[in-house]
Amino acid sequence: MSLTTLNAISPIDGRYRNKTQSLAAYFSEEALIKYRVRVEVEYFIALCQVPLPQLETFDTNLFEGLRALYLHFTTEDALVIKEIEKTTNHDVKAVEYFIKDKFDALNIPKYKEFIHFGLTSQDINNTAVPLSLKESIQQVYLPALDTLIEKLKILAVNWTTVPMLARTHGQPASPTRLGKELEVFVTRIEEQLKLLQQIPYAAKFGGATGNFNAHKVAYPSVYWRMFGKQFVEEQLGLHHSFPTTQIEHYDHLAAIFDTMKRINTILIDLDRDFWTYISMDYFKQKIKKGEVGSSAMPHKVNPIDFENSEGNLGIANAIFEHLSAKLPVSRLQRDLTDSTVLRNIGVPIGHSIIGFEATLKGLNKLLLNEPQIQKDLENNWAVVAEAIQTILRREGYPEPYEALKGLTRTNEKITKQSIAAFIDTLEVSDAVRMELKNITPSNYTGV
């Protein structure tokens with residue numbers, strides 16, 4: 001059976017394939033193989049540039065042709081490598097043999113033993129994976145998140161002057177502005193993005209146990225630690241971790257996943273708020289012809305996009321949590337548990353992208369229902385009690401909090417009229433009385 005969106009087990013490769021297919025270039029099996037070929041080729045070129053004595057005669061004009069092995073990597077190439085793996089039962093060794101075959105085809109077989117020279121498979125995996133992660137975040141993740149942030153910024157500006165009843169503990173509280181509430185989420189996300197961009201994409205490159213043992217025994221005069229740092233940082237654009245065991249310790253990778261998890265948590269918070277605003281009728285939703293909200297209740301327009309986002313972001317966070325907790329833990333110099341776990345790093349990013357797009361879709365459906373928002377404010381005149389008692393404090397009025405508590409903490413409905421009547425009983429100047437009467441739930445919104 002060939003894989004289709006209908007028979008895929010994972011929804012990110014099935015139902016949501018059209019939303020996540022751009023990630024295949026970074027996290028599919030073919031992509032991982034391509035990144036491995038890239039690292040192996042760049043490593044061979046770096047050895048030529050040392051140069052090692054046996055590579056001094058290598059024609060540097062061939063570098064372009066070697067780089068073509070990954071720049072023009074095809075699905076057919078990946079299939080050839082998978083066929084080799086059936087014999088080797090080792091995925092990285094299969095990549096090595098594939099490149100050696102290419103050296104034969106290029107008529108340069110005498111240099112092929114310097115492919116994967118002195119390396120362990122983790123030197124390839126622990127550079128290929130962070131490189132794919134870095135490029136996926138730059139090319140897919142950040143643009144998707146930036147699009148969502150820009151939408152939030154536009155709505156924040158559009159709704160800057162819209163007063164809205166705030167609710168703390170679910171109860172009416174000092175009014176706010178709808179635009180400001182969106183600014184809160186924008187700022188929170190942007191603060192996490194600043195942290196995300198400060199975390200290095202770290203890579204290990206140092207041989208079987210991280211000490212360049214094989215390199216040093218073969219060429220003791222080469223400063224291999226500097227070579228590894230220059231190769232990882234200058235040719236691959238990653239941060240060189242040293243010292244390490246056989247594997248990269250993944251502390252920076254865990255920090256990246258934790259930060260992405262926090263961004264998702266902020267968006268879950270946003271999803272739930274807008275879900276609640278819709279339930280309060282603060283927003284209507286645009287109706288698309290032909291869509292069905294409920295299989296049983298024809299009238300319903302459900303906030304499904306915010307619900308879809310919340311669900312996908314929750315799944316992403318569960319996996320991010322496991323990645324960041326598990327990857328930094330490895331028995332002694334290395335166990336194999338990181339290998340299978342690393343193959344899943346694209347999964348939470350896929351669910352995150354689905355979540356971003358769902359939230360964006362939900363925001364694009366919103367229709368502001370200002371009459372309902374204004375009605376809610378008008379029905380809750382008790383919220384101006386804070387303003388009145390604070391001005392009375394300023395004026396030195398005796399026990400103002402207690403006076404307002406006596407007025408408002410009852411089961412009687414507080415109205416504009418009852419507030420005005422209360423103000424008339426206060427022994428204050430006419431100017432202060434007028435100041436108090438000018439306060440309304442709609443204009444008591446702070447700075």
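**Entry 1: Y250**

I looked up Y250 and found it buried, at a relative accessible area of 3%. The model I am reading is a predicted one. I noted that the phi of Y250 is positive, about 70°, although the residue is not a glycine. I placed Y250 in the loop between strand 4 and helix 11.

I recorded a cis peptide bond between F242 and P243, with omega at about 0°.

**Entry 2: a further cis peptide bond**

I checked V50 and P51 and found that a cis peptide bond joins them. I read omega there as about -15°. I located P51 in the loop that runs between helix 3 (29-49) and helix 4 (63-71).

**Entry 3: H169**

I turned to H169, whose phi is near 60°, a positive value in a residue that is not glycine.

**Entry 4: T445**

I followed the chain to T445, in the segment after helix 19 (430-437). I found T445 at 16% relative accessibility; since buried means under 20%, T445 counts as buried. Which residues does T445 touch, its neighbours within four places in sequence left aside? I listed P163, P175, T176 and R177 as its contacts.

**Entry 5: A218 and G118**

I looked up A218 in helix 9 (residues 213-218). I found A218 partly exposed, with a relative accessible area of 38%. I recorded 8.7 Å between the C-alpha atoms of A218 and G118, which are 100 residues apart along the chain.

**Entry 6: helix 14**

I took helix 14, residues 346-365, as a case for its span. I noted that its 20 residues reach 29 Å from the first C-alpha to the last, close to the 28 Å expected at 1.5 Å a residue. I then asked how many residues of helix 14 are buried. I counted 16 of the 20 as buried, so by the cut-off of under 20% relative accessible area helix 14 is mostly covered.

**Entry 7: the chain as a whole**

I recorded 19 helices and six strands in the chain. I compared its radius of gyration, 31 Å, with the 22 Å that the globule rule gives for 447 residues; the value is well over the rule, so the chain is more spread out than a compact globule. I noted that its C-alpha atoms fill a box of roughly 100 × 55 × 40 Å along the principal axes.

I found that 47% of the 447 residues count as buried. I looked at the contacts with a separation of 6 or more, and 77% of them come from residues 24 or more positions apart.

**Entry 8: surface and charge**

I noted an accessible surface of about 22,600 Å² for the chain, with 53% of that surface belonging to carbon and sulfur atoms. I asked how far apart the mean positions of the positive and negative charges are. I recorded 2 Å between them, for 49 positive and 54 negative charges.

How values were computed
Residues numbered from 1 in each chain as written. Predicted model: local features only at pLDDT ≥ 70, side-chain atom pairs only at ≥ 80, totals over all residues. Heavy atoms only, no water. Helix = DSSP H or I, 4+ residues; strand = E, 2+ residues; numbered from the N terminus. Expected span 1.5 Å × (residues − 1). Buried < 20%, exposed > 50% of the residue type's maximum accessible area, 1.4 Å probe, protein only. Rg over C-alpha atoms; globule rule 2.2 N^0.38 Å. Contact = heavy atoms within 4.5 Å. Areas by Shrake-Rupley, 256 points an atom, 1.4 Å probe, with all protein chains shown as cover. Lys, Arg positive; Asp, Glu negative; His and termini not counted. Charge placed at Lys NZ, Arg CZ, Asp CG, Glu CD.
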